[in-house]
Amino acid sequence: MDKTGVVIDSNNNHIDVLVVRESGCGGNCSSCTGCSSENKPMIVKIENELNAKKGDRVLLSIKNGTIFKYSIIMYFIPLIFFVFGIISGIIIFSGNNVSSQEIKSLGLGIAFLLISLFILKILDNKYFNKNSEVIKAIKIINFEEE
C-alpha cells in the first residue's frame with residue numbers, strides 16, 4: 001500500500017512525515033454514511049534514506065499485510081485476556097459459594113483487559129513503533145508528478 005505525505009521535520013537520519021488517513025470509502029461519506037467525515041492526520045517517524053527536507057512530499061510504501069497483522073494483535077490480545085479473566089473468575093468464584101459470582105467474574109475480566117492494554121502499550125513503545133521495517137519513504141514527489 002502506498003501513501004503520500006509531507007515532511008514536517010528532518011533531524012539526524014529520521015524524518016517526521018504528516019500523512020492524512022483516508023476513510024474506507026475514499027472520503028465520499030455522503031454515499032456511505034458509515035464513517036465520520038474526519039480525516040485525521042498522523043505523524044510517522046521514519047528513516048531518511050532519500051535525504052528529504054522539510055516541506056518535501058514523499059511517497060511512502062507500507063508492507064502488505066503488516067497493518068492487518070498489527071490490527072489482529074491490537075484487537076485480539078485484549079479480547080483473549082478479557083475472556084480468560086471472565087472464565088478464570090467463574091472457575092475461582094463458583095467453588096467458594098461467593099454471592100454475585102458473575103459480577104465478580106466480569107470485574108476480573110475487566111482487570112485482565114486493563115492488564116492486556118498495559119502490556120500492549122509497553123510492546124507498542126518497545127517494538128511496534130519502530131517503523132523503519134514497516135514504512136519506508138521510496139520517492140520524493142515533485143508537484144508535476146501529482
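## Salt bridges

The side chains of Glu49 and Lys136 meet in a salt bridge, at 3.5 Å from N to O, where a salt bridge is a side-chain nitrogen of Lys or Arg within 4 Å of a carboxyl oxygen of Asp or Glu. This pair links distant parts of the chain, since Glu49 lies in the loop between β3 and β4 (57–62) and Lys136 in strand β5 (residues 135–141), 87 residues apart; strands (E, at least two residues) and helices (H or I, at least four) are DSSP runs, numbered from the N terminus. Glu49 is partly exposed, with a relative accessible area of 47%, and Lys136 is partly exposed at 37%; buried means under 20% relative accessible area, exposed over 50%, and partly exposed in between (1.4 Å probe, protein chains only).

The structure holds two salt bridges. In one of them, Asp16 pairs with Lys45, the closest N and O atoms being 3.6 Å apart. Here too the pair links distant parts of the chain, with Asp16 in strand β2 (residues 14–20) and Lys45 in strand β3 (residues 41–47), 29 residues apart.

## Basis of the model

This is a predicted model, in which local features need pLDDT of at least 70 and side-chain atom pairs count only at pLDDT 80 or more, while totals for chains, interfaces and linings use all residues. Residues are numbered from 1 along each chain as its sequence is written, and side-chain values use heavy atoms, with hydrogens and water left out.

Asp16 is buried, with a relative accessible area of 14%, whereas Lys45 counts as partly exposed at 42%. Leaving aside neighbours within four places in sequence, Asp16 is in contact (heavy atoms within 4.5 Å) with Val6, Val7, Ile8, Asp9, Ile43, Val44 and Lys45.

## Strand pairing

Strands β1 and β2 pair in the antiparallel sense over five bridges, two strands being paired if DSSP finds at least two bridges between them. Asn11 stands opposite His14 in β2, and in the hairpin of β1 and β2, which has two residues between the strands, Asn12 takes a positive phi near 50 degrees.

Strand β1 (residues 2–11) is also joined to β4 by five bridges, and these strands run antiparallel. The bridge partner of Lys3 in β4 is Leu60.

## Nonpolar surface

A nonpolar patch on the surface, with about 1000 Å² of accessible area together, is formed by Phe68, Ile72, Met74, Tyr75, Phe76, Leu79, Ile80, Val83, Ile87 and Ile91. Ile87 is found in helix α2 (residues 66–94) and counts as partly exposed at 45% relative accessibility. Patches are made of residues with over 30% relative accessible area and no salt bridge, like charges being joined within 9 Å and nonpolar side chains (Val, Leu, Ile, Met, Phe, Trp, Tyr) within 5 Å; accessible areas come from the Shrake-Rupley method with a 1.4 Å probe, and for residues only the protein chains shown count as cover.
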